[in-house]
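Q: Can we walk through this model together? I'd like the main points, quickly.

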Amino acid sequence: MRERRHAYGRDIAITGIGCRLPGGLGSLETLWSALEQGQDLVGEIPPERFDPQMFADPNPRRPGRTYTASAGVLDDIASFDAEFFGISPREAARMDPSSGCCWS
């Protein structure tokens, strides 16, 4: 692990972490519990996101297409912080089929 220093030369510490995971999990404790219980967090893609049949293709290597109707889906996708992950607004819109963007 690489050590980082604040611009003023002071040490900093991370004292907490937040997460949003498929299945509505919102903490490391709930993730650990789900793992211990063998919970499957992959499910059908909600119809309000998009219709998987619109992008269906039996060829799993075809770009912009899918051969499954299942996914690990985050709740409240509108609050995804694309900028935090270095994803441009244009790229984020392209990544989310519910945005109305046409995939190639």
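**Salt bridge and surroundings**

A: Start with a pair of side chains: arginine 62 and aspartate 57 meet in a salt bridge, 3.3 Å from N to O. That term means a side-chain nitrogen of Lys or Arg within 4 Å of a carboxyl oxygen of Asp or Glu. This is a predicted model: local features need pLDDT of at least 70, side-chain atom pairs count only at pLDDT 80 or more, and totals for chains, interfaces and linings use all residues. Residues are numbered from 1 along each chain as its sequence is written, and side-chain values use heavy atoms, leaving out hydrogens and water.

Q: How many salt bridges does the structure hold?
A: One.

Q: Is aspartate 57 buried or exposed?
A: Aspartate 57 counts as buried, because its relative accessibility is 13%. Buried means under 20% relative accessible area, exposed over 50%, partly exposed in between (1.4 Å probe, protein chains only).

Q: And what does arginine 62 count as?
A: Partly exposed, because arginine 62 has 41% relative accessibility.

Q: New topic. What pattern does the protein follow along the sequence?
A: It reads α-β-β-α, with two helices and two strands. Helices (H or I, at least four residues) and strands (E, at least two) are DSSP runs, numbered from the N terminus.

Q: What share of the residues is buried?
A: 14% of the 104 residues.

Q: Where is aspartate 40 found?
A: In the loop between helix H1 (28–36) and strand S1 (43–44). Aspartate 40 is exposed, because its relative accessible area is 59%.

Q: What lies 2.9 Å from a polar atom of its side chain?
A: The backbone nitrogen of valine 42.

Q: How far is the C-alpha of aspartate 40 from that of glycine 23?
A: They are separated by 8.5 Å, with the two residues 17 apart along the chain.

Q: Which residues form a nonpolar patch on the surface?
A: Phe80, Phe84 and Phe85, with about 360 Å² of accessible area together. Areas come from the Shrake-Rupley method with a 1.4 Å probe; for residues, only the protein chains shown count as cover. Patch residues have over 30% relative accessible area and no salt bridge; like charges are joined within 9 Å, nonpolar side chains (Val, Leu, Ile, Met, Phe, Trp, Tyr) within 5 Å.

Q: Where does phenylalanine 80 sit?
A: In the loop between strand S2 (70–71) and helix H2 (89–95).

Q: Last one. What is the mean pLDDT of the protein?
A: 77, and 76% of the residues reach 70 or more. pLDDT is the predictor's confidence in each residue, from 0 to 100.

Note on methods:
A polar contact is a pair of N or O atoms within 3.5 Å; within protein, one must be able to donate a hydrogen and the other to accept it, and residues adjacent in sequence count only if both atoms are side-chain atoms.
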